[in-house]
Amino acid sequence: MTEPLLDIKNLRIRFRSDEGTVKPVNGVSFQVNEGETVAVVGESGCGKSLTSLSILGLVPSPGEVFEGEIRLQGKDLTKLKKNQMRKLRGNEISMIFQEPMTSLNPVFTIGNQMTEVIKLHQQLDKKESINKVVEMLDLVGIPEPERVVRQFPHQLSGGMRQRVMIAMALSCNPKLLIADEPTTALDVTIQAQILNLMKKLKDELNTGVILITHDLGVVAEVADRVVVMYGGEVVEEAHVNEIFDNPVHPYTRGLLSSVPKMTGSVEELGAIQGSVPTPSQMPKGCKFHPRCPIATDLCKDEHPNLEETLPNHFKRCFHMEGGSIYEQHKRETTT
Amino acid sequence: MRYFLSSILKVIPVLLMISFIVFFLVRLTGDPVSLMLPETATDQQREDLRQSLGLNDPIYIQYFTYMADVIQGDFGESFRYNQPAIDIVLERLPASFTLAISSMIIATIIAVPAGIYSAIKRNTFADLIITGSSVLGKAMPNFWLGIMLILILAVQFSIFPVSGSGTIAHLVLPSITLGTAIAAEMTRLIRSSMLEVLGSEYIRTARSKGLRETIVVNKHALRNALIPVVTIMALQTATLIGGTLITETVFSWPGMGQLLVQAVNARDMAVVQAATFIIAILVILSNLTADLTYRFLDPRIKYED
Ligand SMILES: Nc1ncnc2c1ncn2[C@@H]1O[C@H](COP(=O)(O)OP(=O)(O)OP(=O)(O)O)[C@@H](O)[C@H]1O
Ligand SMILES: [Mg+2]
């Protein structure tokens, strides 16, 4: 078996403060292969952004990775020196951030901010890098790229800024692209364009992509594999078809049923009960048990492990072998 | 350019207001005639002077006469010096200006690196030292610091002259005295502004591109962090030019502060008015400079007019 492009093993991130320690990411493991798109889904606050920031070594202080490995082609990124890490950023690994409105520096032009990264990682002179910027802006569907190069972020709409961020992230042909909610600020047509662009990049350059999103429609369209996170852990991981056709974990099922299906009726829109616990008040046992329709006493006391129950299909749940119990339970409670 | 003209136009009502306030305030503080004449003067003498100064005219007439003169740069005669008031004020301006600018330069040279450094080394020993020193620098009264500097560097070691003006050497001690407090304030400002900027998302983006930390800090963060600092510093400069009485007194520095206080004590109205006017104009000018710098630093402003 070939080595994965990215291999995250038992990643744990903590924030220490006077009020105590919280661990918003607590034992996350998953892999991304070359040319593969892995979607990371889960409700707000489950640790998706922190996990991805840790790959770049950019967990905001006082947060720190205190356990686990992040291997890029075998090399453990958590052990790298600062300047070694810096050489990878923007070059081998690049990231599109969640906040398009504030992720660009307000006092420098788009051209300035984009050429910066190109000049840094590719041996191009000023003129060549500007040409490259124009080319990239054009590629992400920005009209009049020559003009945009000279503009400041505040002169662009949110969608345009997001496209600039995407162009910037793609400009050095990264091996791994992390896209944190890359299309939320965009309208549907642009969204489709961007997703196509990411697909193209993946096919042509064999880029591995981590796609963080709330939009399960996007997941269905572009992801190869899906990692479902809850409370700082992976609760289910499987091929995209498996996730949609045969979701095992009650949380995944909840997520799926809270998506309005194109064909489905409105009744299917039953979101998961209750709200996400904060990292400081994580329940004991299975973290999902207070919201779980099939929780038992076992779930309250014991913490389940992530197990491969079906081939290449992992879940963190004591019950559920292929979902039969869930179905049965649902039938019992509704009648 | 259009911006420049429009801001000049905006200045006129401000100047009018100031003239109004100055005019009436001075008239409310007492009878100038009784100050200008000896105790023994007769009522007739008083009345004559009153008449000749126009003090018997209705107050609005007095104001218009006064304004007509002011527009021509005539603030009247100083009765203490028997010279045009404006000349006396302008004579003091270069000294005040030099002292203000050199204090600002000293403050900036200290505060910019210190502020940046303590922000990036937040909560370390170095930060503690810098923050501590700036509290100290702010707390030290100017007269005390001035006297200490004189005692040590002028009296004990004779490196700098004790007081007076005329050479660069004379400028050093008063500039340090004034510069210290400003440096302290400025360091604190830069530190907090820098901390805020360093936590922002565009700094994270800059880091995610693989830029060196020095570029992240000195290019991406500093330019943003300076925006709020500039305004406050420009106003600070204006205050300095307007007078730093204590430091001027300690070092016998012939600046505006000294002049203004003496003029107020003597009720030398013409000088008080002229000085207040000049200071007002300087404040307005430094506001304008601040505004222009602001525009230079922050491209967002231009398009919001
Ligand atoms: N500086 C911090 N100190 C303490 N806790 C933090 C800090 N930053 C983030 N967290 C915690 O980490 C958790 C995970 O944050 P993260 O940003 O990774 O969530 P997310 O899954 O990306 O959510 P979203 O979908 O809203 O972007 C949050 O619940 C938050 O409480
Ligand atoms: Mg997030």
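Author: His289(A) counts as buried because its relative accessibility is 14%, where buried means under 20% relative accessible area, exposed over 50% and partly exposed in between (1.4 Å probe, protein chains only). This is a predicted model, in which local features need pLDDT of at least 70, side-chain atom pairs count only at pLDDT 80 or more, and totals for chains, interfaces and linings use all residues. Residues are numbered from 1 along each chain as its sequence is written, chains are lettered from A and ligands numbered from 1 in the order in which they are written, and side-chain values use heavy atoms, with hydrogens and water left out.

His289(A) is placed in the loop of chain A between helix H10 (250-257) and helix H11 (297-301); helices are DSSP runs of H or I with at least four residues, numbered from the N terminus. Neighbours within four places in sequence aside, Pro283(A), Lys284(A), Ala295(A), Cys299(A) and Lys300(A) are in contact with His289(A), contact being heavy atoms within 4.5 Å. For Lys284(A), the backbone oxygen is 3.3 Å from a polar atom of the His289(A) side chain.

Cysteines also deserve mention here. Over all chains, a search of the whole structure finds 0 disulfides, a disulfide being a pair of cysteine sulfur atoms within 2.5 Å. Cys286(A) is accordingly in no disulfide, and its nearest cysteine sulfur, 5.9 Å away, belongs to Cys299(A). With a relative accessible area of 12%, Cys286(A) is buried. Cys172(A) also counts as buried, at 5% relative accessibility.

Key
Helix = DSSP H or I, 4+ residues; strand = E, 2+ residues; numbered from the N terminus. Polar contact = N/O pair within 3.5 Å; in protein donor to acceptor, adjacent residues only side chain to side chain.
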